[in-house]
Each structure stands twice: as C-alpha cells, then as structure tokens.
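Work through each task before reading its solution.

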Amino acid sequence: MSIVKSLLILATAGTLAACDGTLTGGTGDGMGPVGGPRGGTGGVDESLIRDAGLMGKLEGASMVGGTVSYAYFTDVVSDGRVLSGADVYCGGPGRAVINLQRGDRGGRAFNTMAFTCR
C-alpha cells in the first residue's frame with residue numbers, strides 16, 4: 001500500500017470518527033490494530049470481519065478509534081458485498097454509516113470503505 005493511500009485511509013477514518021463523535025481509546029498515534037500481513041498491503045485484522053463471505057477477499061481491514069476500514073479490489077469483491085459485510089459487523093442492515101473512497105492500484109479498481117456503526 002502506498003504512503004499516499006495509507007494517509008488517505010487514516011485521514012478518512014479519523015475524519016469520520018471525529019464527525020461521529022465515536023473516537024475513543026487508542027494510543028493517540030493514529031494507528032489502529034492491524035492483523036497478520038497479507039502481501040505487504042497493510043494487513044487484515046480478521047477480528048474486524050464478521051461476515052464469512054468477506055474472509056480472504058479484503059486487502060486490508062483495520063480500525064482507528066471507532067472507525068473500521070476495509071480495502072479491496074472491486075474485481076474480487078463488489079462494493080455492495082462489502083457494504084453488506086459492514087452491516088453484519090455493525091449488527092444488521094442499515095447499521096453501518098459508510099464513506100467510500102474509489103481509487104485504483106496497478107490499473108485495477110481499488111476501493112476503501114470506512115464505516116462507523118449507529
């Protein structure tokens with residue numbers, strides 16, 4: 001994951017958390033927990049994936065404060081499927097408040113969905 005993309009993800013997550021008022025805990029360094037590495041993409045914290053249909057399909061899953069971010073290639077998993085996974089994480093349909101950032105990596109559509117739970 002490039003430094004610019006990493007900063008964009010963290011900035012988006014921080015902004016969402018601040019706007020929603022859910023920023024709690026943490027070390028103050030802007031970094032959330034990141035699970036096992038996956039091809040040098042920043043890692044996937046599998047504890048943040050509660051939808052079995054997303055396992056192995058995300059390139060990144062991390063949390064900063066109360067904001068969870070999923071990063072993925074759209075040719076592997078669709079935006080709608082990731083939104084469904086966010087709703088599962090949050091406890092049901094319509095519970096995830098999302099911010100979708102569209103981008104590309106290596107000529108492939110690569111999106112980041114940051115969300116908080118209602």
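Buried means under 20% relative accessible area, exposed means over 50%, and partly exposed lies in between. The model is predicted.

**Exercise 1.** Classify Arg108 and its salt-bridge partner Asp75 by accessibility.

Solution. Step 1: the closest N and O atoms of Arg108 and Asp75 are 2.9 Å apart. Step 2: Arg108 is in strand 5 and Asp75 in the loop between strand 2 and helix 2, 33 residues apart. Step 3: Arg108 has 34% relative accessibility, so Arg108 is partly exposed. Step 4: Asp75 has 55%, so Asp75 is exposed.

**Exercise 2.** State which parts of the chain the Asp51 and Arg81 salt bridge ties together.

Solution. Step 1: the side chains meet at 2.7 Å, N to O. Step 2: Asp51 lies in the loop between helix 1 (3-20) and strand 1, and Arg81 in helix 2, so parts 30 residues apart in sequence are tied together. Step 3: Asp51 is buried at 11% relative accessible area, whereas Arg81 is partly exposed at 28%.

**Exercise 3.** Identify the element that gives the largest share of the largest nonpolar core.

Solution. Step 1: the core has 18 residues, and those touching the most other members are Leu58, Tyr70, Val82, Tyr89 and Phe115. Step 2: two or more residues come from each of strand 1 (60-64), strand 2 (67-73), helix 2 (79-90) and strand 5 (108-117). Step 3: helix 2 gives the largest share, four residues. Step 4: beyond its neighbours within four places in sequence, Val82 contacts Leu54, Leu58, Tyr70, Tyr72, Val77 and Met113.

Technical notes:
Residues numbered from 1 in each chain as written. Predicted model: local features only at pLDDT ≥ 70, side-chain atom pairs only at ≥ 80, totals over all residues. Heavy atoms only, no water. Core = buried A, V, L, I, M, F, W, Y, C linked by side-chain atoms within 4.5 Å. Buried < 20%, exposed > 50% of the residue type's maximum accessible area, 1.4 Å probe, protein only. Contact = heavy atoms within 4.5 Å. Salt bridge = Lys/Arg side-chain N within 4 Å of Asp/Glu carboxyl O.
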